[in-house]
Amino acid sequence: MEVDEEITLNASIKPENASDKTVNWASSKPEFATVDKNGKVTAVKEGATVITATVDGKSAVCIITVVIKDLIYSEIKENDDVVAYSVTGTESNKKSIVIPSEHNGKPVTSIAKGARKNCTQLTNLTIPFVGASIDGTENTHFGYIFGASSYAYNNDNVPSTLKNVVITGGKIDSRAFEGCGDITNITLQNGVTDIGSLAFENCSNLENITLPDTITSISSEAFKTCLKLQYNEYDNAQYLGNEINPYVALIKVKSQDIPNCKIKEDTKVIAEYAFFNCRHLLNIVLPDSVTDICAYAFYRCNALETATIYSGIKNIGNNAFNGCGDLNSIKFEGKTAQWNAVNKGTDWDFETGNYTVKCNDGNINK
């Protein structure tokens with residue numbers, strides 16, 4: 001079967017006068033193919049599963065192998081053993097293409113330049129990472145797989161028909177999607193952790209982007225000039241997230257003139273420069289769900305006097321509170337050992353006031 005293909009299996013029951021003819025269907029690995037109560041099998045992604053039909057303790061099986069026929073792979077070997085695969089091209093010009101994260105039980109670790117160059121009808125694309133390789137060391141721009149030599153040529157190479165992109169892993173590097181002005185929907189799935197600066201700059205028709213709960217870092221102006229992008233609003237801030245949690249990341253405040261901001265519970269990330277230059281902000285309380293305060297998040301909030309931070313915090317980025325000259329108190333809802341264990345970036349508290357961190361078991365002075 002190919003991905004998204006559907007077939008219906010039939011179970012023959014003998015003898016014909018059997019008292020129980022209720023068939024129970026099951027898939028051993030539903031991540032590859034599912035089966036419903038009527039025996040309809042739906043292929044999900046490349047791999048194999050065993051479909052079992054059971055009636056009154058008697059069973060029969062059918063092995064389903066899901067393949068992606070339109071991709072061309074090359075083997076990556078070490079000591080004559082295949083350790084990974086590279087996608088080098090396509091044999092078809094479909095509207096929807098899925099590049100899996102695995103092929104024949106081995107990881108797909110690279111995609112050749114121009115591997116999707118001839119996909120002139122492409123509308124939907126799923127990829128395991130952005131750019132040339134999963135390690136993200138070079139050619140990390142989205143247009144690379146369409147033949148673009150740098151992010152500056154994304155717009156010239158990414159087909160204008162492409163509207164929906166799903167990314168299942170890796171990171172989104174700086175300027176990765178810059179200029180991809182025809183894409184309207186981007187979904188980042190669990191496993192994606194970082195979004196670089198100006199990552200989606202000039203994605204002028206981008207309306208929706210889904211952020212997973214695994215996001216830990218969103219760099220400066222990641223969504224610059226994405227004028228159609230729809231944010232989720234709460235109090236004085238704008239957020240991005242997913243269907244289950246629309247408030248994964250606080251991206252920016254509505255105005256630098258806000259006097260206060262109540263942050264939505266379940267927020268995990270305060271994006272880079274989110275509160276930049278909010279000169280009237282006096283106090284901030286971060287809910288216990290926040291794990292990451294990105295670089296420059298409260299940069300030059302020079303009137304900020306107090307901040308409440310809970311023990312779930314893991315990282316405070318570079319210059320996160322730089323220039324908060326009136327900061328005199330950080331209320332930390334945890335112990336001193338937990339505060340000391342928080343990963344704090346360079347100059348995170350540069351040019352702040354002489355604050356005291358008030359922990360549950362004692363105080364720490366700047």
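Alanine 132 is buried, because its relative accessible area of 11% falls under the 20% cut-off. The model is predicted.

**Around alanine 132**
- Alanine 132 sits in a loop. That loop runs between strand 12 (124-127) and helix 1 (154-157).
- Its contacts beyond four places in sequence are Thr109, Ser110, Ile111, Glu138, Asn139 and Tyr144.
- Alanine 112 is 20 residues away from alanine 132 along the chain. The C-alpha atoms of the two are separated by 6.3 Å.

- Strand 2 covers residues 24-27. Trp25 and Ser27 form its covered face. Asn24 and Ala26 form the uncovered one.
- In a regular strand, side chains alternate between the two faces of the sheet.
- Strand 2 is joined to strand 5 (residues 47-55) by four bridges. The two strands run antiparallel.
- Alanine 26, on the uncovered face of strand 2, has threonine 52 of strand 5 as its bridge partner.

**Cavity**
- The whole structure holds one cavity of 30 Å³ or more.
- The largest cavity has a volume of about 40 Å³.
- Its lining consists of Asn155, Val158, Pro159, Gly179, Cys180, Gly181, Asp182 and Ile183.
- By class, four lining residues of the largest cavity are nonpolar, three are polar and one is charged.

Definitions and conventions. Residues numbered from 1 in each chain as written. Predicted model: local features only at pLDDT ≥ 70, side-chain atom pairs only at ≥ 80, totals over all residues. Heavy atoms only, no water. 1 Å grid on protein atoms, 1.4 Å probe; cavity = no way out; pocket = protein on both sides within 12 Å on 5 of 7 lines; lining within 4 Å. Points joined across faces, edges and corners; volume = space filled by probe spheres on them. Nonpolar A, V, L, I, M, F, W, Y, C, P; charged D, E, K, R; others polar. Buried < 20%, exposed > 50% of the residue type's maximum accessible area, 1.4 Å probe, protein only. Contact = heavy atoms within 4.5 Å. Pairing = 2+ DSSP bridges.
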